[in-house]
Amino acid sequence: MAGKLLVFYLGNDEAYFKTLQRDFKKYTRFDIDLRQLYESEESKIQSLFVEIYKLNPVLVFIDYSNSSQDYLHITRLITRTPLEKKIITVGLLDLLTPPEILEESISAGVDFAHIKQSDAFDVIFDISRSLSPQDKMQHGFATAKLKEEIYVGVPAKVGYIEQQGIHIETDYPLSKGDRVRLKTHLNDKKVFPSQEVFIQATSKSNLFYQFKQNADAQFLFVDEFIAPEGMDPDDLESKKLDRMDSIDRYKKELQKWIDDNLSRSLEKKAKVLVVDQDFTFYLDQKRTDKHPYTIRCVPFLSDMHGELDRLRPQVIAVSLEKPETPTTKNNVQMLLNLVGVLKAQFAELSPFIVIFNTETGSKEFQTLLSYDHVMATEAPFSVDVMVRMAEIFEKKMKKAQVIGVKDEEKVFIKKTNLASNAHIMISINITKISETDIFFESDAPFSENMNLKFSFPVNMYVNIVPIKGQGKVPEYHGLIHALGESDKMELRRFVNSVFFREHDQKLQSESAEFKKLNEKKLAERQEKEALDAAQPPEIDKKGA
């Protein structure tokens with residue numbers, strides 16, 4: 001890879017920053033320009049995103065050792081904002097970082113998560129394979145061959161839970177009618193036992209997280225009873241009735257859980273899309289996720305339909321560029337295109353458009369755009385104005401909800417709540433494994449860069465990287481990460497045990513055969529002795 005690669009480390013661990021500097025030179029041929037950025041105040045931390053966007057690094061290390069939630073917020077801004085090119089993100093934790101931060105970092109969209117160590121080989125190896133897959137940096141660890149069928153989890157984020165089902169977002173492709181295993185907080189808390197759900201609907205619209213699609217799924221509550229062949233019909237009917245009774249009981253348990261959690265549920269109804277190349281909402285302001293509204297900031301609307309469909313905003317704020325030149329993107333022509341798309345494809349949405357930094361008045365814009373819901377001001381973009389606008393729309397929506405038909409009770413789950421994390425469970429066959437990477441087969445449509453949660457042979461995550469050549473069953477290559485030193489040692493022991501597994505099985509087989517042979521010889525000898533004992537003694541004729 002030619003040229004110097006810009007890399008940011010967001011954190012204040014000077015010792016680990018030097019470790020990264022040392023180990024990039026030690027283990028790779030990359031020419032790295034590694035820069036350290038750190039702030040301790042919430043507003044300043046959020047402002048770091050603007051510098052990341054402007055300088056466009058290839059890689060960002062995000063250290064969660066201090067101000068964990070603020071730096072997780074930075075992670076979400078990177079993974080949710082449309083960028084010219086993807087930035088590889090690596091979450092860093094230390095031994096004192098709460099374990100839930102690891103799960104939050106994965107659900108926030110980091111590519112890798114690592115516990116900081118005195119040697120950064122594992123971190124550098126993962127980055128090397130991601131930056132340049134064709135540059136086959138060798139890990140040098142033993143790789144064991146095996147055949148092990150297990151279930152792994154594809155991350156999903158829970159939006160809300162209601163009496164009949166659950167709303168999730170995920171990168172795993174789902175379709176209406178699918179029946180899948182979904183491991184959730186409700187299973188962990190034994191609200192009901194079954195992980196199986198039926199997919200009722202899917203969409204790529206109205207997304208809250210960085211995932212590619214959402215899905216509404218219906219709970220099964222209790223797994224279906226599969227009758228053995230030849231089962232008595234009366235017994236089968238009794239089993240079915242027992243299952244229906246169990247379903248009724250678990251439905252009551254779920255309703256109790258909903259009643260207990262409803263008071264803590266809070267939906268962010270008003271959604272604001274800010275089109276501002278300066279990212280004013282991030283500059284010395286409180287975190288955008290602390291507002292009671294959903295706020296998304298983009299520099300330009302390069303994919304106008306995609307951004308509108310993804311968020312479906314009630315308010316759109318646009319900061320026009322001045323002076324307008326042939327290269328400016330946030331201009332009057334963009335507004336004309338925006339209104340055209342809204343009328344043609346989002347007529348039911350009819351959002352309010354607030355235009356900043358213009359000398360053209362509101363009435364003139366309403367006439368020019370043939371769109372009534374427009375307010376224009378010559379003032380520069382104002383966070384306070386946008387917050388007040390969102391507040392007005394929030395009140396209108398709540399009033400409309402009171403007047404209209406009441407929705408079914410839904411418990412909306414905060415993104416920081418462990419109950420917001422779920423996993424779609426998929427079967428795979430492990431074929432090769434080392435303490436650094438893994439190969440496996442599966443018919444599942446896993447995508448490149450997807451993270452999978454493993455509980456075997458240890459708790460860990462695996463990031464899928466490209467692999468050349470495919471057989472009848474697709475083979476995947478994954479980089480192992482998100483495991484501590486004790487799990488790393490346990491994984492090493494497992495890999496070593498696989499090498500001796502076949503040898504030990506052979507020894508056990510030989511030992512069993514030897515034992516059988518000994519038992520046979522012993523039985524023959526005992527039988528002969530018994531026959532000899534049964535014969536009458538011979539008479540000595542000479543002595544008679």
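Is Phe279 buried or exposed? Phe279 is buried, with a relative accessible area of 1%; buried means under 20% relative accessible area, exposed over 50%, and partly exposed in between, using a 1.4 Å probe and protein chains only. Welcome to this predicted model, where local features need pLDDT of at least 70, side-chain atom pairs count only at pLDDT 80 or more, and totals for chains, interfaces and linings use all residues. Residues are numbered from 1 along each chain as its sequence is written, and side-chain values use heavy atoms, with hydrogens and water left out.

**The chain as a whole**

- The protein chain has 12 helices and 21 strands; helices (H or I, at least four residues) and strands (E, at least two) are DSSP runs, numbered from the N terminus.
- Of the 544 residues in the protein chain, 48% are buried.
- Among contacts (heavy atoms within 4.5 Å) between residues at least 6 apart in sequence, 69% join residues at least 24 apart.
- The protein chain exposes about 28,500 Å², and carbon and sulfur atoms supply 51% of that area; accessible areas come from the Shrake-Rupley method with a 1.4 Å probe, and for residues only the protein chains shown count as cover.

**Helix H2 and its neighbours**

- Helix H2 covers residues 42-55, and its buried residues are Ser43, Ile45, Gln46, Ser47, Leu48, Phe49, Val50, Ile52 and Tyr53.
- These buried residues pack against strand S1 (5-10), strand S2 (32-37), strand S3 (59-63) and helix H3 (68-80).
- Just after H2 comes Asn56, with a positive phi of about 55 degrees.

**Backbone features in loops**

- Ser67 sits in the loop between S3 and H3 and has a positive phi of about 50 degrees, although it is not a glycine.
- Ser67 counts as partly exposed because its relative accessible area is 29%.
- Phe279, the residue from the opening question, is in the loop between strand S11 (271-275) and strand S12 (294-298); Phe279 is not a glycine either, yet has a positive phi of about 50 degrees.
- Lys322 and Pro323 are joined by a cis peptide bond, with omega about -10 degrees, and Pro323 lies in the loop between S13 and H9.
- Another cis peptide bond runs from Phe456 to Pro457, with omega near 0 degrees; Pro457 belongs to the loop between strand S19 (451-454) and strand S20 (460-465).

- Arg312 lies in the loop between helix H8 (304-311) and strand S13 (315-319), and it counts as buried because its relative accessible area is 17%.
- Leaving aside residues up to four places away in sequence, Arg312 touches Ser205, Asn206, Lys271, Glu307, Phe346, Glu348 and Leu349.
- Gly340 is in helix H9 (residues 332-345) and is partly exposed, with a relative accessible area of 36%.
- Gly340 and Tyr371 are 31 residues apart in sequence, and their C-alpha atoms are 9.7 Å apart in space.

- Asp232, Asp234, Asp235 and Glu237 form a negative surface patch.
- Patches are made of residues with over 30% relative accessible area and no salt bridge, with like charges joined within 9 Å and nonpolar side chains (Val, Leu, Ile, Met, Phe, Trp, Tyr) within 5 Å.
- A salt bridge is a side-chain nitrogen of Lys or Arg within 4 Å of a carboxyl oxygen of Asp or Glu.
- Asp232 is in the loop between strand S10 (213-219) and helix H7 (233-261), and it counts as partly exposed at 37% relative accessibility.

Methods:
Lys, Arg positive; Asp, Glu negative; His and termini not counted. Charge placed at Lys NZ, Arg CZ, Asp CG, Glu CD.
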